[in-house]
Amino acid sequence: MDGLDQESSSMQRLWLEMKKRNVKPSIVTYDTLVGGYCQMRRVERAIELVDEMKREGIRSNAIVYNPIIDALAEAGRFKEVLGMMEHFFCVRQAPLSPPTILMYGITVRLKTLFY
């Protein structure tokens, strides 16, 4: 087992232990795990966590989405990047911050490439 597999395994064990002890994860918990999985190029697992976060009623933010968007873009999965960014803006209700406005501009430009 290489270092990344060990880290992934450790993260999974910690996650299961938290659930076993009924420790409710916060946005920070999800952000940390999503970022870790994306660094290990396990973007599908990161997306699963975001889906779980939604089911738990925890609102996502740009800090959670950015590592996924970066990992998808690095893998050349640009249509998925666009879908992820569009989803982020569709579910968002709070005022947009300057970095979020920048992301929106990128989304609009990406759309012109694919549609």
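**Largest pocket and helix packing**

H4 contributes the largest share of the lining of the largest pocket, 4 residues. The structure is a predicted model, in which local features require pLDDT of at least 70 and side-chain atom pairs pLDDT 80 or more, whereas totals for chains, interfaces and linings use all residues. Residues are numbered from 1 along each chain as its sequence is written, and side-chain values use heavy atoms, with hydrogens and water left out.

The largest pocket has a volume of about 180 Å³. A pocket here is an open set of points on a 1 Å grid over the protein atoms alone, where a 1.4 Å probe fits, with protein on both sides within 12 Å along at least five of seven lines. Its volume is the space filled by probe spheres set on the points, which are joined across faces, edges and corners. Lining residues have an atom within 4 Å of a point. They are Cys38, Gln39, Arg41, Val43, Pro67, Asp70, Ala71, Glu74, Ala75 and Arg77. Helices are DSSP runs (H or I, at least four residues), numbered from the N terminus. By class, the lining has 5 nonpolar, 1 polar and 4 charged residues. Ala, Val, Leu, Ile, Met, Phe, Trp, Tyr, Cys and Pro count as nonpolar, Asp, Glu, Lys and Arg as charged, and the others, Gly among them, as polar.

H2 and helix H3 (residues 43-55) pack at about 165°, with axes 7 Å apart. Axes are lines fitted to C-alpha atoms over the stretch in contact, and angles run from 0 to 180 degrees between N-to-C directions. H2 and H3 are therefore roughly antiparallel (over 145 degrees; roughly parallel means under 35). The contact (heavy atoms within 4.5 Å) joins Ile27, Tyr30, Leu33, Val34, Tyr37 and Cys38 of H2 to Val43, Arg45, Ala46, Leu49, Val50, Glu52 and Met53 of H3. These residues divide into 11 nonpolar, no polar and 2 charged.

H3 and H4 pack at about 150°, with axes 10 Å apart. This pair is therefore also roughly antiparallel. In the contact, H3 supplies Val43, Ala46, Ile47, Val50, Met53 and Lys54, and H4 supplies Val64, Tyr65, Ile68, Ala71 and Leu72. The classes are 10 nonpolar, no polar and 1 charged.

The axes of H2 and H4 come within 8 Å and cross at roughly 10°. H2 and H4 are therefore roughly parallel. Ile27, Asp31, Val34, Gly35 and Cys38 of H2 meet Ile63, Val64, Pro67, Ile68 and Ala71 of H4. Here the division is 8 nonpolar, 1 polar and 1 charged.

Note on methods:
Helix = DSSP H or I, 4+ residues; strand = E, 2+ residues; numbered from the N terminus. Parallel < 35°, antiparallel > 145°, perpendicular 65-115°, else oblique.
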